[in-house]
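Hello,

Here is the structure we talked about handing over. Please open it first, then read the notes below.

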Amino acid sequence: MGTSITQDWGAVPHPVFVVDDDGVVRALSTPAHAVLPEVTVGGQLDGAVPAWLADACLSRSEVVTGQLGGRDFHVQPTTLPDGRVAWWLIGDTDRSLQLVQDALHRERRHAAFLDEASAVLTVSLNVDRCMEATARMAARHLADAAVVVGPRFGGALPVFGSDADGAVTQRHIAEDPAQISGLSEALRGFPPVPSRWIDPSTLPAWLIPDGFQGSVGSVVITPLPGHGIPAGALVLLRRTTHMAFSEGEEILARLFAARAGAALAAARLYAEQSAITSTLLRELLPPQLHRMHGFELAGRYRASDDHQLIGGDFYDVHPSPTPDEETLVVLGDVCGKGLEAAVLTGKIRNTLQALAPLAEHHEEVLKLLNNALLSPDNSRFATLVLASISDRDGQLRLRLTCAGHPAPLIARADGTVETADTRGMLIGALPMFRARSFDTWLAPGETCLLYTDGVTEARGGPLGTEQFGEERLAAAFARCAGMPAEAVVERIMMLTADWVDRKPHDDIAAVAITAPRRNHLSAVNGHTAGRYTA
């Protein structure tokens, strides 16, 4: 009988033949005919194939292995809906293909793990949490346990260990990493030592996580590379009951370590920048004001953006050594907003700190400051008000000088509000500078208010567009007569905040200078006098 190939099964691109319960071949693919040339459709299988294959087909074995034409084949059955069985021949080439597919699947799994590691590790910019996540992921995906050792800090090594269950323990060890082969080198960023060179029995107890059960049979130590500076070392531990780390697993560990090292380096850089920023902020933030030398001081500041701590408005105080000498209070407003304005604010405050011994002469101080701020394009300027305060037998002698700034307000004991008669030119705008000072006295219970235009120009109200204005400020300040300085600034800042509500606004700052009430009030000279300075 000649060979016949059925239309359906003949086109299958794989060696396969179909046999019924009587051992009769009912279908045959073209590749199967090339492997089994004696087999014909409609013929008996017995006698046309080797005995091992015929016996397997008649007994319907699960999977059998044998040689056909000098090649090794795995024969695997598939039961068809009509009860017949299709027998698939999987040869050496197919086995190699399966191995390739397994390797591809493994690489895809590794790539997915590395992608997950990048996503998880870059979420947090906290160094400790990043080290915890590194140890936890390494233990879960790469070994039976993992340890992350950070660079020495404060004389100790930070060590984060995790077992496969994800429990992380943290400790700081004052040990020499050189006692462990490969660890000292990894912490310095050198290439990893092959795991076969590391004797697991030499590992100290502090390098083995608390949850690790059994004996260590294999160790991998690889560096965590940072951005130019090593970020630490990753130690992987495997029990004696498992196979040692393969070369492929060590490569995967290094790929993971590269991502973990980059994340740790970014976290450390962020921590360093945050520390620098905090240090600079301490110098730029307004000082805490309090009672001194017989008078009260209080100040409040609100940046234009609620998420910012500093901006263009500022105040400062330079206390005198004794009560009868003058204490200098400064309130100012520089052009611009945000960080750029804050930098200029810091320069002004530092310059005034150096000029504080000359504060008896306001105009001279402002002239020197004006020269220091001059720039080729005259784009960096500021407005200022200086207030010199001294205690004279229960009264406060007050000298005020404005430089392009809103004039201070004075609330008298009888509830009236005066505007200080002082004015001057902008600081840093022109080479020349002139200003007029104002002298007055504060009796017990009277207050002088220094404020920036962020108060009067704050837009809000019922329509959201009206300015708070000088008249509204003066009326609100009049109702603060007799209040302590702290209550005055709280009241003014609260009214301004309510006025703008949540709408955009400029930086806002206010400082109150109050002569505190005493048990016995003395007669005071309530008159004010202006004086011009040349």
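**Salt bridges and cysteines**

R300 is partly exposed, with 25% relative accessible area. Keep in mind that the model is predicted.

R300 has a charged partner. Its side chain meets that of E486 in a salt bridge, at 2.0 Å from N to O. The two residues sit in separate elements: R300 is in strand β11 (residues 296-302), and E486 is in helix α12 (residues 485-500). The pair therefore ties together parts that are 186 residues apart in sequence. E486 is also partly exposed, at 36% relative accessible area. A network of salt bridges links R300, E486 and E490.

Next, R397 and E326. Their side chains form a salt bridge at 3.2 Å, N to O. R397 belongs to strand β15 (residues 395-403). E326 is in the loop between β12 (313-318) and β13 (327-334). This pair ties together parts that are 71 residues apart in sequence. R397 is partly exposed, with a relative accessible area of 27%. E326 counts as partly exposed too, at 25%.

Then there is R26 with D20. The side chains meet in a salt bridge of 2.8 Å, N to O. Here the two partners fall into separate classes. R26 is partly exposed at 34% relative accessibility. D20 is buried at 14%, because buried means under 20% relative accessible area.

How many salt bridges does a search of the whole structure find? The count is 15. The pairs R26 with D20, R300 with E486 and R397 with E326 are among them.

Now the cysteines. How many disulfides are there? The count is zero. Take C448 as a case. The nearest cysteine sulfur to C448 is that of C402, 9.1 Å away. A disulfide needs two cysteine sulfur atoms within 2.5 Å, so C448 is in no disulfide. C448 is buried, with a relative accessible area of 0%. C335, by contrast, is partly exposed at 24%.

- Salt bridges: 15 in the whole structure.
- Network: R300, E486 and E490.
- Disulfides: zero.
- Cysteine burial: C448 is buried at 0%, and C335 is partly exposed at 24%.

Best wishes

Methods
Residues are numbered from 1 along each chain as its sequence is written. This is a predicted model: local features need pLDDT of at least 70, side-chain atom pairs count only at pLDDT 80 or more; totals for chains, interfaces and linings use all residues. Side-chain values use heavy atoms; hydrogens and water are left out. Buried means under 20% relative accessible area, exposed over 50%, partly exposed in between (1.4 Å probe, protein chains only). A salt bridge is a side-chain nitrogen of Lys or Arg within 4 Å of a carboxyl oxygen of Asp or Glu. Helices (H or I, at least four residues) and strands (E, at least two) are DSSP runs, numbered from the N terminus.
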